[in-house]
Amino acid sequence: MKLLGYTQKELETIPEETISLGCGNPVALASLKEGETVLDLGSGAGFDCFVAAKKVGEKGKVIGVDMTPEMVQKAKAIAEKHGYNNVEFRQGEIEKLPVEDSSIDAIISNCVINLSPDKSKVFSEAYRVLKQGGRLMVSDIVIEGKLPKKIRKDLEAWAGCVAGAMEKSAYLNAIRNAGFKEVKIVSETSSDCEISEEFTGKIVSAKIEAKK
Ligand SMILES: C[S@@+](CC[C@H](N)C(=O)[O-])C[C@H]1O[C@@H](n2cnc3c(N)ncnc32)[C@H](O)[C@@H]1O
């Protein structure tokens with residue numbers, strides 16, 4: 001199980017079979033309050049949804065959206081097995097969210113938006129479904145510098161969340177262009193993995209927040 005940034009209690013109480021494939025989302029999860037409605041973009045096996053479900057409690061609700069039927073099925077089975085009644089998993093694309101307008105208090109997402117070929121659409125959909133004053137809190141991979149073309153086309157680099165990653169300032173601008181305000185990087189960590197001698201920039205795991 002990925003330990004990055006989660007508390008020991010979260011790691012002990014969340015079903016182990018959910019295995020997080022993300023890049024760590026503690027800031028987003030820490031800010032959730034009882035009774036809130038939370039949406040997780042690209043929920044995978046549901047790890048962050050289950051952590052969020054404990055934070056928002058029985059009066060709150062968590063919706064996980066993922067495009068892969070197998071992941072949705074797996075997450076639903078885990079929720080049922082462990083009695084998470086306040087979590088719902090929906091199959092769908094984050095570029096076309098199966099979620100009502102202005103219905104969400106907080107959107108979280110852990111290492112998924114970098115995989116989308118249309119990030120602007122993802123951010124405008126996020127804006128649509130958030131309530132006024134609602135917040136977007138994502139952990140994602142962004143790039144400082146320019147990725148060589150051959151890496152952009154490399155399937156392994158796609159799977160490793162690098163090939164689709166956007167340049168950091170373009171990513172922040174895409175969020176602003178969707179209508180969000182107070183767009184900021186809460187924290188960032190540079191990865192020291194070497195992906196190619198031709199690439200002299202940085203791969204950054206960033207936690208980004210914005211408000212509707
Ligand atoms: C790297 S995994 C992260 C899963 C989860 N957030 C976690 O932290 O464990 C990426 C997930 O995003 C989903 N995904 C990728 N692109 C998507 C899209 N455009 N719409 C919906 N889901 C997507 C994949 O099916 C996969 O489950």
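Visitor: Which strands are included in what covers the buried residues of H4?

Guide: Strand S2 (61–66) and strand S3 (87–91) are included in that cover. Bear in mind that this is a predicted model.

H4 runs over residues 69–82, which makes 14 residues. At 1.5 Å a residue, H4 should span 20 Å.

Now the inward side. Val72, Ala75, Ile78 and Ala79 are the buried residues of H4. Viewed down the axis of H4, these buried residues fall within an arc of 130°, so they line one face of the helix. The face turned away from that buried side carries exposed residues: Pro69, Glu70, Glu80 and Lys81. Just after H4 comes Gly83, with a positive phi of about 70°.

In H8 (residues 168–177), the buried residues are Lys168, Tyr171, Ala174 and Ile175. Down the axis of H8, they fall within an arc of 125°, so they too line one face of their helix. Ser169, Ala170 and Asn177 are exposed on the other side of H8. The cover over the buried residues of H8 includes helix H5 along with strands S5 (130–144), S6 (166–167), S7 and S8 (202–211). Gly179 follows H8, and its phi is positive, near 120°.

Cys111 has a phi near 65°. Cys111 sits in the loop between strand S4 (104–110) and helix H5 (119–129). With 21 other C-beta atoms within 10 Å, Cys111 is buried. Glu182 is not a glycine either, and its phi is positive, about 50°. Its place is in strand S7 (residues 181–191). Glu182 is exposed, with 10 other C-beta atoms within 10 Å.

Last, the core. The largest nonpolar core has 61 residues. Leu39, Ala52, Ile107, Ile108 and Ala126 touch the most other members. Take Ala52 from that group. Setting aside neighbours within four places in sequence, Ala52 is in contact with Leu29, Leu32, Val38, Asp40, Val62 and Ile108.

Terms used:
Residues are numbered from 1 along each chain as its sequence is written. This is a predicted model: local features need pLDDT of at least 70, side-chain atom pairs count only at pLDDT 80 or more; totals for chains, interfaces and linings use all residues. A nonpolar core is a set of buried Ala, Val, Leu, Ile, Met, Phe, Trp, Tyr and Cys residues joined through C-beta atoms within 7 Å. A residue is buried if 20 or more other C-beta atoms lie within 10 Å of its own, exposed if 12 or fewer, and partly exposed in between; C-beta atoms are placed from the backbone. Two residues are in contact if their C-beta atoms, placed from the backbone, lie within 7 Å. Helices (H or I, at least four residues) and strands (E, at least two) are DSSP runs, numbered from the N terminus. The expected span of a helix is 1.5 Å times one less than its number of residues. The arc is that of the directions from the helix axis to the C-beta atoms.
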